Amino acid sequence: NQFGSGMQQARSSFLNSLRTVAGGIFNMPNEFFVSKYDRTSLSQVTDLIGWEAGKGKAYDIFKAPILYPDHIVNEKKIFGNWIVIAKAMKVAVCGKMSLYSKARGGPPSYAKMWKLTSCTPGLIAFSVTSIIFILSPDQEFSGDGVGAISSIAYHSLFQTVKKFFVVKWNHQRIKSVVEQINRYVFDGTVKTQPSNDTQCTMEQVTESLDRVMAALDASDSDSNDDSDSLEYVNLPVQAANIHPTVTAAAAATI
């Protein structure tokens, strides 16, 4: 399928670039993210995505701690740890050297070549899917979109996240997340505009997706909710010297 073939291409370009800076993004040793590294029993990595051996087929993206502030799962704060999504996205469209404020030179970024000014639900979903893959025990992306080691259905994960953002694109809390991603990735030169990316091929929304969206709505009227400001931990990034890369998989989501 198109998703699987696109992500296979990403294996040798964008995902490899993301691996080289993942140590800085997640504040862990770089060696953990080498493709052939055995992450199966490396709980400090796999715990970030909420993966358990033998339960990959039932993997729930909304229980991935990496998506939440302080890595504490709270459905009212879904995608509150937006900075890791923004960094993965920036590597995809601007090249990994763009993570370093003093980086100069190199070929023009894809953001400039494609005149990108803001993200879309598809691009966010691609970034989230890439993060989960990098933190998973999987060593390469299989053609069917299912992790050979983790059993995570990445294609379904992508569609679920995309569906969430399509449905909740104008929700105030999600708009805040999107605006902050846009400022980080696109240097805050433009304001967030509603996306026309409203197509989603997912046949049904999972119970988890409904639950999280309901929790997000409920949080608007919850007087005890202290999550109005979306907090995050801005992890340091370690230097690297490779030119930007991107793939058809990323381009297809825009």
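**Note on the aromatic residues**

1. F164 is buried, at 0% relative accessibility (buried means under 20% relative accessible area, exposed over 50%, partly exposed in between, with a 1.4 Å probe and protein chains only). This is a predicted model, in which local features need pLDDT of at least 70, side-chain atom pairs count only at pLDDT 80 or more, and totals for chains, interfaces and linings use all residues. Residues are numbered from 1 along each chain as its sequence is written, and side-chain values use heavy atoms, with hydrogens and water left out.

2. The aromatic pairs number 9 (rings of Phe, Tyr and Trp, its six-membered ring, with centres within 6.5 Å; planes under 30 degrees apart are stacked, over 60 edge-to-face, the rest tilted). F26 and F33 form a tilted pair, 5.7 Å centre to centre with 40° between the planes. F26 is buried at 8% relative accessibility. F33 is buried at 1%.

3. F62 and F164 also make a tilted pair: 5.8 Å between centres, 50° between planes. The pair links distant parts of the chain, 102 residues apart. F62 lies in the loop between α3 (43-46) and α4 (82-94), F164 in helix α7 (helices are DSSP runs of H or I, at least four residues, numbered from the N terminus). F62 is buried, with a relative accessible area of 1%.

4. One aromatic cluster takes in F62, F79, F164 and F165.

5. W169 sits in the loop between α7 (154-168) and α8 (172-185). W169 is buried at 6% relative accessible area. Its C-alpha is 7.9 Å from that of P121, 48 residues apart in sequence.

6. The charged end of K90 sits over the ring of Y184, 4.8 Å from the ring centre (NZ of Lys or CZ of Arg within 6 Å of the centre and within 35 degrees of the ring normal).

Terms used
Helices (H or I, at least four residues) and strands (E, at least two) are DSSP runs, numbered from the N terminus.
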